[in-house]
Amino acid sequence: MSKMNVLAASIYFSEIQQAWPMFAESINCMSPSPKKTVVFDLFEQRKLDQSLVEGLIEIRHILREKNLMAQVTGFRNQTLLEAKKESFDAVFFIHPNIFAPPDVLQRLFDSGKDAIAPAFYSNYNGVIHSNAMKKTRQGLNEKANLDMVLFGELLPSGIKEVFGVSLETVFLRKPVFEKIKFLETETALLEMIAFHEQLQKLGKGIFIDSGTVCSKLGPTQLMSYYYFKAQNAVEKLAE
């Protein structure tokens, strides 16, 4: 299948250093694949292995600054400008420790939504939360009246409008990415609120596709994956 006119962008840093081989593989497996994929590499101790991606991913090695959130915001805005300049139809932001199904771009593009995210889930003290945010009650204090959407609230699976989504992974079509600018904030929650407010000004909503589910792996899970993979390789050599 031909490449989709989508610019994919990811930000790689030391806290998720083990993700790179799996992330490279997941990007290579996408069908249709993004026309261009850019990774901002902030892990100074060891540069990413370009051979894993065979030129399919452009790696930009950049020094990590003290204020990581501000730097990430700058990269996102840089990506939006690049997408406008090069006439992309959509931008897909995805962190390298989030692994999407191969047809993720087709699914999100076919939704017809200008701002939509695939779903992923995290376990907090035995409660399964999604990457979507909801407003719990009316009030003046936006931050105090927000909560994460639970797994069960997104069932049955499908496309649902929500207050906000984590910007770890989000798909933006031209009517949105050409008109917004990500704002520098102190926390991920404030970042989601600022993004929601910009969409409101455009008369747009933010949606989540709970039928398109990604896997998000933390450092411990990533280390376990490579441990068992290495163990299997040793066992095969011993046979």
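Predicted model: local features only at pLDDT ≥ 70, side-chain atom pairs only at ≥ 80, totals over all residues.

Student: OK. What does Val 170 touch, leaving out residues up to four places away in sequence?

Tutor: Val 170 touches Val 91, Phe 92, Phe 93, Ile 116, Ala 117, Val 165 and Ile 206. Val 170 is also among the residues that touch the most other members of the largest nonpolar core, which has 35 residues. Phe 93 and Ile 206 are on that list too.

Student: Which helix gives the largest share of this core?

Tutor: Helix 2, residues 68-85, with 5 residues. There is also a second, separate core of 28 residues, including Val 39 and Phe 99.

Student: How exposed is Phe 151?

Tutor: Phe 151 counts as partly exposed, because its relative accessible area is 36%.

Student: New topic: where are the cis peptide bonds?

Tutor: One joins Ser 31 and Pro 32, with omega about 0°. Another runs from Leu 155 to Pro 156, with omega near -5°. Pro 156 is in the loop between strand 9 and strand 10.

Student: And Asn 125, what is its phi?

Tutor: Near 55°, which is positive, and Asn 125 is not a glycine. Asn 125 lies in the loop between strand 7 (121-124) and strand 8 (127-135).

Student: Is Asn 125 buried or exposed?

Tutor: Exposed, because its relative accessible area is 83%.

Definitions and conventions: Residues numbered from 1 in each chain as written. Heavy atoms only, no water. Core = buried A, V, L, I, M, F, W, Y, C linked by side-chain atoms within 4.5 Å. Buried < 20%, exposed > 50% of the residue type's maximum accessible area, 1.4 Å probe, protein only. Helix = DSSP H or I, 4+ residues; strand = E, 2+ residues; numbered from the N terminus. Contact = heavy atoms within 4.5 Å.
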